[in-house]
Amino acid sequence: LDMSAGVLSLTFDETVRANTLDVSQLVLQNFGTSQAVINQVQLTGGAGSSADSTVINVTLTTADLNSIKSQVGLAKSSSSTYLRFNSSLISDMNSYNTSGALMPVSQRVNKVVAILDGSAKLVHTFVKDAVAPVLVIANYSMQTGRLTLQFSETVSSPTLNTSAILLTLVGMGSVQLHGGSVSTTNSTVLAVDLMKSDLDQLKNFTWPSTGAANMSVQLFAGGVQDMDTNAVLGATLTMSAYVPDTTAPVLVQYDLNMTSATITLSFSETILFGSIVPTSITFANAANGPAATRSKTLTGGWVESVSLTTFIVHVSVADMNEIKRLDLLCADANSTYLSGLVAFDPSGNQLAALPLAAGQRVHIFGPDVAPPEIVSFTLDLNAAVLVVTFSETVRPPLLAPGLTLQSAGACSACSSFTLATSGGFGSISTSPAGTVYTVNLGITDLNALQLIFTLAVSNTTTFLRATTGTIADMAGNALVPLVASAGLPVSALTPDRNWPVPSNYNFSYTPGPNESTLLLTFSK
């Protein structure tokens, strides 16, 4: 048996008729008796010698040869190569009747002596397969991520080194595989299911026009071995068949962090950077958006790429403050549902729909844990208004007694005045939840403030400090205090331009010198 040439030579003790050969009677097995047989192959075809002789050469079919090679313990050496057959295999020269016609097998007198199971014949000369396998056909499905490799002969599945495979999309890029799942059957055809990271990278190079003609596979020399450890020859082939990706990507999950104002989106496959539209995102406080009591569609934001399948949407300050203002929206995981997101994969497939009526619940909800800060304030003594701007939406009421005006940024013994709300004429704020609060200065506070001649007479004498209990944000985080040693300077100061007006007077007369009194009362 010559496994390199694929030829089985049968030597008989006399001349046999070549045209009586029935190859299907031949069985190769790895032991002399079937009770010990682990591997065996019965031939299905093949071309025998055309000339009558004592030696008949059978050229094995490719299918039979590969079937033999696929059996791990069969025909790998002379000790694992036995042959058996029955008497119908071939006949000697006495095979024709008196009319010169070939007799049926059953009527032939001198058929070959059978070599039956239990006494199978050991090979006389054995030539090991020394021919290197060759990659002949390659197909790829972007839909399933499966690469199919067909070889010139049976190869050993466990020897396939997936890192020896390089997939290239012409003019776009290449991906050298880092792993993958390989079919386990020794065969002429091996299937490789790409690992997700390699598939995602490959999809990043894909466009709707990708086809077999512009995709190739390179298998490095030695990337796989045949059943006799012959290493494959290196080869680069254009794909014979290519199945494009037509599957819509899916939003697997998303996380919302109210502190960092970010939405982390995780997709089932590669997403085309730049195709994510932040303004398509709507949050609602119920899965059925139309029935929700609170909802908000983003008006801005920008996208950051973390990986091919993970992206971060940075929510604008205005949108985040509005979400917080709505109070019952995105307050916890049970009030956070996303819908409407628009994105595409590189093959042009749009993200699976996220309808408003079936919003997707947040995976990880990060509450707002950052305390609010006062970022600026203005004082209008003419209108008797103090306007305070916060870093984020805060919840009313603003407690005016928590605010103190001081005449220096670092105040230890400077002039200062704390607002009051007592007596019915104190300072109050009726502003709704938001980032800007207006405090209407009561006449009591205004008059007391104006009696301090060194305070709030210019920008350089107007600073603000605040206690932590003045106000809290919508999540209950208390205000970052403004301390006396680091007062916040006023952004704009409008001085008092209103002239005082006498409101009434009283005259008291008592007889005698210098005993009369005139009491004047002014508006301020």
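Student: How many nonpolar, polar and charged residues does the lining of the largest pocket have, by class?

Tutor: Please keep in mind that this model is predicted. As a general idea, rolling a probe the size of a water molecule over the atoms shows where empty space is left. Here, the lining of the largest pocket has 14 nonpolar, 7 polar and 5 charged residues. The space in this pocket is about 620 Å³.

Student: Which residues lie nearest the centre of the largest pocket?

Tutor: Of the 26 lining residues, Leu10, Thr11, Phe12, Ile115 and Lys121 lie nearest the centre. Two or more lining residues come from each of β1, β6 (82–84) and β7 (121–122). The largest share, 8 residues, comes from β1.

Student: In what order do the strands of the sheet with β1 stand?

Tutor: In general, strands of a sheet pair through backbone hydrogen bonds, either parallel or antiparallel. In this case, the 3 strands form an open sheet in the order β1-β5-β4, with antiparallel pairing. Since β1 (7–16) and β4 (47–48) each have a single partner strand, one side of each is left without a neighbour in the sheet. Between β1 and β5 (residues 53–59) there are 6 bridges, and Val7 stands opposite Thr59 in β5.

Student: What is the pairing in the open sheet of 5 strands?

Tutor: The pairing is mixed, and the order is β12-β13-β9-β8-β16. Within this sheet, β8 (residues 135–141) and β9 (residues 146–155) run antiparallel and are joined by 6 bridges. Asn139 stands opposite Thr148 in β9. Helix α1 (residues 62–70) packs on the sheet, where it touches β9 and β13 (187–193). The direction of α1 makes about 95° with that of β9.

Note on methods
Residues are numbered from 1 along each chain as its sequence is written. This is a predicted model: local features need pLDDT of at least 70, side-chain atom pairs count only at pLDDT 80 or more; totals for chains, interfaces and linings use all residues. Side-chain values use heavy atoms; hydrogens and water are left out. Two strands pair if DSSP finds at least two bridges between them. Helices (H or I, at least four residues) and strands (E, at least two) are DSSP runs, numbered from the N terminus. Contact means heavy atoms within 4.5 Å. Axes are lines fitted to C-alpha atoms, for helices over the stretch in contact, and angles run from 0 to 180 degrees between N-to-C directions. On a 1 Å grid over the protein atoms alone, a cavity is a set of points where a 1.4 Å probe fits but cannot get out, and a pocket is an open set with protein on both sides within 12 Å along at least five of seven lines; lining residues have an atom within 4 Å of a point. Grid points are joined across faces, edges and corners, and a volume is the space filled by probe spheres set on the points. Ala, Val, Leu, Ile, Met, Phe, Trp, Tyr, Cys and Pro count as nonpolar, Asp, Glu, Lys and Arg as charged, and the others, Gly among them, as polar.
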